[in-house]
Amino acid sequence: MPTATTTSTAATRATANTDTAHDAGTKSAERGHATLLGAWRARGNADLATHLAHHGPPPLPRRGDVTWPERFAATIEASGLTGRGGASFPSATKLKLVRSARGHATLVVNAMEGEPASAKDKVLLSVAPHLVLDGAELAASALGAIRVVVCIADDAHETAAAVGRAVAERAGTDLAPVPIEIARPPGRYVAGEESALVSWLNGGPGAPGWRPDKTKPLTIGRRGPVLVHNAETLAHAALVATYGAESFWAAGVVDAPGTSLVTVSGGVERGGVYEIPMGTTLRDIVGFARPTGEVAAVLTGGFGGSWLPAGALDTPYAPRAMAVVGGVTGAGVLVVLPRQACGIAETARVARYMAGESAGQCGPCVFGLPALAADVEALAAGKLDPGARARLESRIAAVEGRGACRHPDGVTRMVRSALSVFAADAAAHAAGHPCAFALEPSVLATGTNRS
Amino acid sequence: MTPQRVHTVIKVNPISCEAYGYCAELLPELVSLDEWGYPVVDGTPVPPRLLELARRAAKECPRRAFLLEHAAER
Amino acid sequence: MSSPVLWYATRATGLVSLVLLTATTVLGILTANRASSSRWPGFALQDLHRRVSVITMGFLACHILTSVVDTYVHIGWTSIVVPFASSYKRLWVALGSVGVDLLLAVAVTSFLRNRIRARTWRAVHWLAYLSWPVALSHSFGMGTDMRERWVIGLVVACIAAVLGAGLWRITLAATRRQRALALISVGHRPEGVAVKHISA
């Protein structure tokens with residue numbers, strides 16, 4: 001049981017250009033040591049020598065140590081580590097499930113980061129690739145896996161180069177007992193979904209599969225079970241194994257221990273990736289990124305997440321606390337909507353983008369998402385007729401839960417939250433009075449700046 | 001030994017489904033079609049009197065997307 | 001054994017088989033095109049297609065039997081499934097054999113539909129399209145009744161039915177695919193968030 005319950009609100013920042021360095025509060029070297037970005041912040045280097053000087057070698061098992069996998073699994077369970085890829089699923093449970101399956105296992109490092117508003121995995125792999133690889137080797141050893149596959153989107157060249165360098169540095173040392181490969185699936189939004197990733201590794205189209213029974217592990221070929229973990233999750237696992245489960249509880253809150261990487265973007269001056277202790281309030285996190293003006297709302301979790309109003313900014317950033325107010329931690333994304341922007345218009349842009357990212361396999365998604373997007377676009381333009389609001393609501397209900405994967409569910413959640421958070425705006429738009437801000441350039445990174 | 005009751009639930013594989021609509025034709029009591037022709041099912045157990053029709057719907061689906069799942073009631 | 005009865009039976013069952021095969025094909029196309037009405041819902045048309053195909057096989061079997069059993073011309077048992085095994089009207093009987101092979105494959109895979117992969121069933125069923133022109137050319141080649149006005153009329157009707165349904169199939173399939181593909185973007189990747197600051 002974790003004993004530390006204080007939330008740390010002061011996260012120190014290091015800027016890439018040192019002349020404007022601010023420290024919001026000095027952390028003890030010990031405190032900032034066992035963090036994801038601490039080594040890079042302290043030493044400014046991502047190579048193997050720096051990594052070893054800062055963290056030491058990962059506690060990989062000695063040959064023939066048969067009790068090690070069980071002990072590693074127990075340590076992960078004691079830490080309370082949950083996935084940082086979006087679902088917040090307990091990592092120890094996932095490990096147990098795949099360990100109990102027969103066959104030669106594969107460990108997949110999911111660094112696809114299909115979420116446009118997220119840059120955390122890209123940053124993590126650029127400044128601390130060895131932490132991720134440590135975690136991958138540890139998890140692979142616990143599984144008895146025969147290989148590690150790092151999946152990076154085919155258009156993420158910098159990330160792939162950084163990981164390639166790190167893998168090359170480990171070659172010939174005893175830090176890579178399980179061989180590491182790099183795979184480059186196409187960088188579509190749903191390609192990072194677990195079953196889509198495994199489908200691509202199996203030579204298939206890289207589209208999500210239908211999994212009515214999620215307790216059966218995914219396999220490569222007919223018999224090799226696969227454990228897929230987000231890159232950040234594995235980095236945390238490496239820290240837990242190196243410093244102990246208690247170190248993980250040193251930050252965060254009772255039901256959400258540890259730190260987490262959050263990408264803050266939108267109406268802020270200092271957008272970027274921040275490592276924050278779980279439980280930090282949204283207000284503080286957004287504060288670090290210096291909003292350009294008054295914050296109207298925040299899109300939490302990602303494009304398939306949910307909007308939160310300014311009134312919810314004092315919510316602690318943690319899966320359960322966020323869920324209570326209708327937010328979601330998701331892929332560690334916070335997009336700040338300033339007052340001079342139109343929430344409905346931004347929602348329309350996101351919905352249109354997500355519609356285009358459908359894998360195209362399930363009718364309700366292929367046809368429903370564009371229909372939803374068109375409805376929200378009409379609302380943004382102030383063109384909705386009286387029956388349309390009801391039609392929009394029924395369409396949301398018709399699309400929800402009827403795809404093979406959770407992609408359409410993310411969109412419905414996001415649109416629903418928008419209709420609730422921007423209710424006043426929606427009413428004005430529907431009455432034929434769209435706000436002027438709808439024509440402003442987007443604060444989101446959808447690549448589409450038309451209104 | 002207490003007799004175990006099995007209840008049957010309809011599951012649609014959304015990837016295989018191509019909106020032929022035979023399931024809704026055969027079983028309108030349990031299956032309706034959305035505005036794009038795809039089946040909407042609610043996941044409640046199939047009443048015994050409709051089991052035969054449900055089996056027929058599963059057999060007739062051209063893409064084998066309409067599936068019946070049997071679970072023992074506790 | 002040789003008898004004019006056998007010969008008439010062969011010709012009659014052959015013609016009926018051709019008409020039934022035409023009906024089977026047209027019904028199959030209607031099913032693929034999702035045609036339905038209030039009196040003929042989709043599942044009923046699919047069911048009808050299946051039943052008519054079985055009746056077709058029945059008449060085809062009679063046609064084959066009577067032609068082989070009739071010793072007036074020599075068509076051996078092997079030439080039922082082996083093309084070019086008959087000396088009588090070699091090419092045209094061969095076409096008949098090819099037709100039988102195709103339809104046998106379709107029948108067997110349909111019977112075992114639950115046990116084979118969906119892709120296999122589909123691929124073989126596509127071959128069924130081929131069986132119709134094969135049967136038609138076999139009928140023309142064998143030629144016995146092709147000089148009769150009413151037979152010509154019947155055959156022309158069959159051709160019109162299949163061509164019409166086929167055309168409808170091609171145009172409908174194209175529009176459906178186009179519509180679905182148009183909804184999915186080609187996949188531009190947005191430039192993502194500008195990372196200006198990294199913090200621990």
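**Note on the predicted model: chains A, B and C**

1. Chain C first. Along the sequence, its elements run α-α-α-α-α-β. That gives chain C 5 helices and 1 strand. Helices here are DSSP runs of H or I with at least four residues, strands are runs of E with at least two, and both are numbered from the N terminus.

2. How to read the note. This is a predicted model, in which local features need pLDDT of at least 70, side-chain atom pairs count only at pLDDT 80 or more, and totals for chains, interfaces and linings use all residues. Residues are numbered from 1 along each chain as its sequence is written, while chains are lettered from A and ligands numbered from 1 in the order in which they are written.

3. Packing in chain C. Of its 200 residues, 27% are buried. Buried means 20 or more other C-beta atoms within 10 Å of a residue's own; exposed means 12 or fewer, and partly exposed lies in between, with C-beta atoms placed from the backbone. Take the contacts in chain C between residues at least 6 apart in sequence: 62% of them join residues at least 24 apart. A contact needs two C-beta atoms, placed from the backbone, within 7 Å.

4. Chain C against chain B. Here 6 residues of chain C contact 8 residues of chain B. On the chain C side, helix α2 (residues 42-69) of chain C gives the largest share, 3 residues. By class, that side has 3 nonpolar, 2 polar and 1 charged residues. Nonpolar covers Ala, Val, Leu, Ile, Met, Phe, Trp, Tyr, Cys and Pro; charged covers Asp, Glu, Lys and Arg; the others, Gly among them, are polar.

5. Confidence in chain A. The mean pLDDT (the predictor's confidence in each residue, from 0 to 100) is 87 for chain A, and 91% of its residues reach 70 or more.

6. Domains of chain A. There are domain 1 (35-249), domain 2 (252-338) and domain 3 (343-439), with bounds from an automatic or database domain assignment. The C-alpha centres of domains 2 and 3 of chain A lie 23 Å apart. Between these two, 11 residues of domain 2 contact 13 residues of domain 3. On the domain 2 side, β11 (295-300) and β12 of chain A are the elements that give two or more residues. The largest share, 4 residues, comes from β12(A). That side has 7 nonpolar, 4 polar and no charged residues.

7. Nonpolar cores. A core is a set of buried Ala, Val, Leu, Ile, Met, Phe, Trp, Tyr and Cys residues joined through C-beta atoms within 7 Å. The largest has 142 residues; A:Val132, A:Ala139, A:Val298 and A:Ile344 touch the most other members. Beyond four places in sequence, the contacts of A:Ile344 include A:Val376, A:Leu379, A:Phe422 and A:His429. A second, separate core of 19 residues includes B:Ile10 and B:Phe66.

8. A:Asn230 sits in strand β6 (residues 224-230) of chain A. A:Asn230 counts as buried because 27 other C-beta atoms lie within 10 Å. Beyond four places in sequence, A:Asn230 touches A:Gly83, A:Arg84, A:Gly85 and A:Asn110. A:Cys151 is 79 residues from A:Asn230 in sequence and 9.9 Å away in space, C-alpha to C-alpha.
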